[in-house]
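Here are some notes for a colleague who is new to this structure.

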Amino acid sequence: MKNIKYTVIACLSMLVLGTYSCGTLDEEPVGLLAPEAVYKTPQDVANGVSGGYSLLAHENFMGRKISLSLILRGDMVTIGDMTTSSARIEVDQMAMSANSGMVGSFWPMGYQILAAVNYAIEGGEGLDAPEDQINPVIAEGRFLRAYVHYNFVRLFGEIPYIDFAFSDADLAYTLPQSAESDVYEGIIEDLEYAKQWLPDVPTMRSRPGKGTAAGFLASVHLTRGDWSDAYDEAKYVIDNSGKFMYNLEADYAALYDPSLPNASNEVMFEVNFVGNDAAGNPGSLGGANAATDYLASVTGPRGDERFSTGEGWSVAVPALNVFEDWDAQDYRRAVSFDTLLIYQGVSTPYTSWENIARNVSRPHIAKYFRASGEAGTLSGNNGRDSDVDFPVMRYAEVLLIAAEALNEMNSGANAEAEGYINDIRMRARRELDGDVSNDSAVPANVATGMSVDAFRDEVLEERRLELAFEGGRWYDIQRRQLGAEVFGATGREPQSFNPAKDYLFPKYQADVDRNPNLDQNDNY
């Protein structure tokens, strides 16, 4: 029954999306299977939710497609090797079509994750089991459901909100798209449930706890401009940081060091990748490991001989002014950028990289490649299949949410809001290769008495640097409607930006074509 369970989940979710087909099931037709026939115990439900985690880390979702899209869409990173896939270039250059190759990968995978977790949630809700055994498992499923919907409502606007399991594939093509407010209502309800039932401290940082749910609630309320609620949720995390085992990591570089045995206590949620998967095709659904990370390869420089895992592909590369405008005394710059590689046995600075393969002479992202962890050993694997986990939310972000929300609530910052930024900047004043106590002067503490507008800019700038290349910059640009500014002539990445179109991605055209209730976003 276990094998048929996963086959049914996969087939249902593929049929929802209209682009896949499944072979004949040997045991029972799809229409006759129901969650109560599959999920008999809380462990069965936990297994189903674990399938959702695995798909979350799939190459078609956080393993490359959606994570790379978010990094490229912001104003910190652009394309290095212009011979790379046109689908990636289109995301970066605001030239996406309704048939975007990137969306064509991560939209179906997102709804496949939802199909898996909805089946598990419904199965769990139908069990006659003690609340303290089954509700925490359901809470994990509801957290994942909220996480996928939260990404999709920000990327696409009105979307089909699916919070139930169904076995009739035709139903997928009659589902209405939900108003953004209704999607957010469902997200908040799921996160509130997760906050109630998840443990204080999860078994690993790739699983959510109470603080994770509260942190995402704070982010959701911040996105919606509900400043008081955003602050309340962030403050709940801060006030309970000891109980939840959260703190700022003393050394910023330790956040990205795969040699450390456990995730930092600063990490509130991360996507867990499993490296060195030599069996099968790690990037395929039928391979031995769906949790495949390609960020090391797409962000690393070509021709690099430092790592036994091979070179990178020079795809997502920071704009040169992002590096040059970042104060060299800020410790985070040294951690975030890669400026030297070994080519033909010679240490080569980034200023000469354009002479190597298809590189560009710009510093590359170091967070995923310099310390690429144990990676695949297959010939030509080029550092893909890394086991460096992707940080989705860190405690530092919660401090910045609290600071931003306080500023908006009070029509200006107070000492508490200023203190949250100063705590983060104090870590960034660490001397390179020195002791934490040997502080430099940069970045300086926040000036007191700032206007609401000036402090807002200060918080957004701190988010840009502290969370650099971690996927959140695009969402900041979108929620604050900064596109015309950051992509304008004086921005870091000048290019054509159409505010009537480019704040949203195109929806998956195959579903738009088949579902008369699904509308494509404007100007696609």
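Which element supplies the largest share of the lining of the largest cavity?

1. The model is predicted. The answer to the opening question is β8, with five residues of the lining of the largest cavity. This strand covers residues 390–394.

2. At least two lining residues each come from α4 (65–73), α7, α9 (210–224), β8, α15 (395–409) and α18 (473–479).

3. The largest cavity holds about 380 Å³ of space, and the structure has four cavities of 30 Å³ or more. In general, empty space left between atoms is shown by rolling a probe the size of a water molecule over them.

4. The lining of the largest cavity is made up of 26 residues. Nearest the centre of this cavity lie Arg154, Val392, Glu397, Gly472 and Tyr475. Sorted by class, the lining has 13 nonpolar residues, six polar ones and seven charged ones.

5. Now to the charged pairs. Side chains of opposite charge can pair when their charged atoms come close. The structure contains 36 salt bridges.

6. One of the salt bridges pairs Glu59 with Lys65, with 2.6 Å between the closest N and O atoms. Glu59 and Lys65 are both buried.

7. Another salt bridge joins the side chains of Asp190 and Arg142, at 2.6 Å from N to O. This pair links distant parts of the chain, 48 residues apart: Asp190 belongs to helix α8 (residues 180–197) and Arg142 to helix α7 (residues 131–156).

8. Are Asp190 and Arg142 buried or exposed? Asp190 counts as buried because its relative accessibility is 1%. Arg142 has a relative accessibility of 10%, so Arg142 counts as buried too.

Note on methods
Residues are numbered from 1 along each chain as its sequence is written. This is a predicted model: local features need pLDDT of at least 70, side-chain atom pairs count only at pLDDT 80 or more; totals for chains, interfaces and linings use all residues. Side-chain values use heavy atoms; hydrogens and water are left out. A salt bridge is a side-chain nitrogen of Lys or Arg within 4 Å of a carboxyl oxygen of Asp or Glu. Buried means under 20% relative accessible area, exposed over 50%, partly exposed in between (1.4 Å probe, protein chains only). Helices (H or I, at least four residues) and strands (E, at least two) are DSSP runs, numbered from the N terminus. On a 1 Å grid over the protein atoms alone, a cavity is a set of points where a 1.4 Å probe fits but cannot get out, and a pocket is an open set with protein on both sides within 12 Å along at least five of seven lines; lining residues have an atom within 4 Å of a point. Grid points are joined across faces, edges and corners, and a volume is the space filled by probe spheres set on the points. Ala, Val, Leu, Ile, Met, Phe, Trp, Tyr, Cys and Pro count as nonpolar, Asp, Glu, Lys and Arg as charged, and the others, Gly among them, as polar.
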